[in-house]
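Q: Please take a close look at one part of this model, a single sheet and how its strands pair. Then set that part against the chain as a whole.

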Amino acid sequence: MKILEFSFVFLLLMSFFSCDTPQSAFIYEAKVESLKVFGLKRDTAHIGITHAYEDSSLYWLATYNKLQVKPGVCLFKLVNNKLKYHFISLGHKQEAIIENVIFIDLTKDGESEMLVYMHYNYDFSYQGRELVIFQNPFDEKAVKEIFAFPYEQIWEQAKDFDTTYGVPLNNKRIANKAVISFNEGKMQIKGIVEGKKLHLLEYEWDRFKDVFILKLDEDLHEAAKEKNKSESKKIKGKKVLLPVETHEEDCSGFILQDLDGKLIKIPKKVKDALLCSKVCDLSNDGSFLIYTDLKKDAICLYNFEKENITTILEGFKAREAVSNPVWFKEKGCYFFAFVAIDLDEYDSESRIYVYKYDQVKKIWVGKHYDRKMFFECNSDGNCAPKCGYDFRFSPSGNLLYRIRESGHNLEDYGVLKL
């Protein structure tokens, strides 16, 4: 009996190691080879690694430098159990640390682009971060850089010294300190851009010219004052939710204004919660504000008309990622939904929360659904699905959530019939 059990285990192990899935030995070999390419000492901890699929059958390993040297990415392909690679150099840039490499089909042509997030770390004198995008990364001859933007550029200089403690008093100059996001084929850059606070750049891919075209270049605050720009996602029901700088980790800060730039009066506990809120959004007509009360581990809703607060979800611990909500309104009935990600606690890794306003009982009624969704993580490791893209309400009121990477067709989405 023991012999049979041993044979079964042996065969199982043999079948595992004989399959096409890349083994840890190949990953180690790729890291060691990358050390030679980057001219680093023999410490594979200085090599970052990620994986990508050119299609369902072609698997690639991408390695990159995690030390500040001339940056680049090695792309390794498994061919007959042997590694072959080509090197994509970013040697035309300053020495930099590559923080992350992501593969995503930004141009919606069925082929993945390679996004390289770089960090220029020169202590207090200069801190910079830049996104560089390559097209055709898997084709050594056709690969080319199609976009680059330095989304963080900060210089500091000691102007004097404190007479009491002798610490330097620094001058800080910020050219860029922005966040880059992707949604529905568009790329948005928000924050401090070229010294302008609360600024927005929006790029769209032009498949005929094969370049990203700048479509929007405007100040968010000024745009909020223009009533004819009601399509702006920041303007909802004559209310403007403006992002502000926050010094807390894993949260965003907001203030609430009207179209004339004046602060809207809200309860102090709501105002304080907005300064550090993982989830924060206005309903499409501006009737409700959803926000996170971190002190109570709760998701709350503020009703502007009744001026009251409703606790939607209690005991909501800070998950690995939480999306902003999507809204739907039909015949006076409100719905909203958001997604929480927890790779350890949820069997499906993602949990969809859906809430409906019961017009008879005048209360919000909610359900949650554990569903396997497709989502991607940004350079900061935030894996929150994108509302309106990874999940959204259909015109009939059902909730669609993305289950496949492409997201082009209805078959790429699961359906929750509400």
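A: Two strands count as paired if DSSP finds at least two bridges between them. The model is predicted. With that definition, start at one bridge. Cys 280 has Tyr 291 as its bridge partner in S17. The strands involved are S16 and S17, the latter covering residues 288-293. They run antiparallel, and three bridges join them.

Now widen the view to the sheet. Its four strands follow the order S16-S17-S18-S19. The sheet is open, and its pairing is antiparallel. Strand S16 (280-282) is one edge, and strand S19 (308-313) is the other. Each edge strand pairs on one side only. From one strand to the next, the twist averages 20 degrees. In general, the strands of a sheet pair through backbone hydrogen bonds.

Next, the chain around this sheet. It has 27 strands and four helices. Of its 418 residues, 44% are buried. The accessible surface comes to about 23800 Å², and carbon and sulfur atoms account for 51% of that. Among contacts between residues at least 6 apart in sequence, 37% join residues at least 24 apart.

Ile 97 lies in strand S5, residues 97-104. Ile 97 counts as buried because its relative accessible area is 19%, and the cut-off is under 20%. Beyond its neighbours within four places in sequence, Ile 97 contacts residues including Leu 67, Tyr 117 and Met 118. Asn 65 and His 119 are also among them. The C-alpha atoms of Ile 97 and Tyr 120 are separated by 6.4 Å, though the two residues are 23 apart along the chain.

Terms used:
Residues numbered from 1 in each chain as written. Predicted model: local features only at pLDDT ≥ 70, side-chain atom pairs only at ≥ 80, totals over all residues. Heavy atoms only, no water. Helix = DSSP H or I, 4+ residues; strand = E, 2+ residues; numbered from the N terminus. Axes fitted to C-alpha atoms, helices over the stretch in contact; angles between N-to-C directions. Buried < 20%, exposed > 50% of the residue type's maximum accessible area, 1.4 Å probe, protein only. Contact = heavy atoms within 4.5 Å. Areas by Shrake-Rupley, 256 points an atom, 1.4 Å probe, with all protein chains shown as cover.
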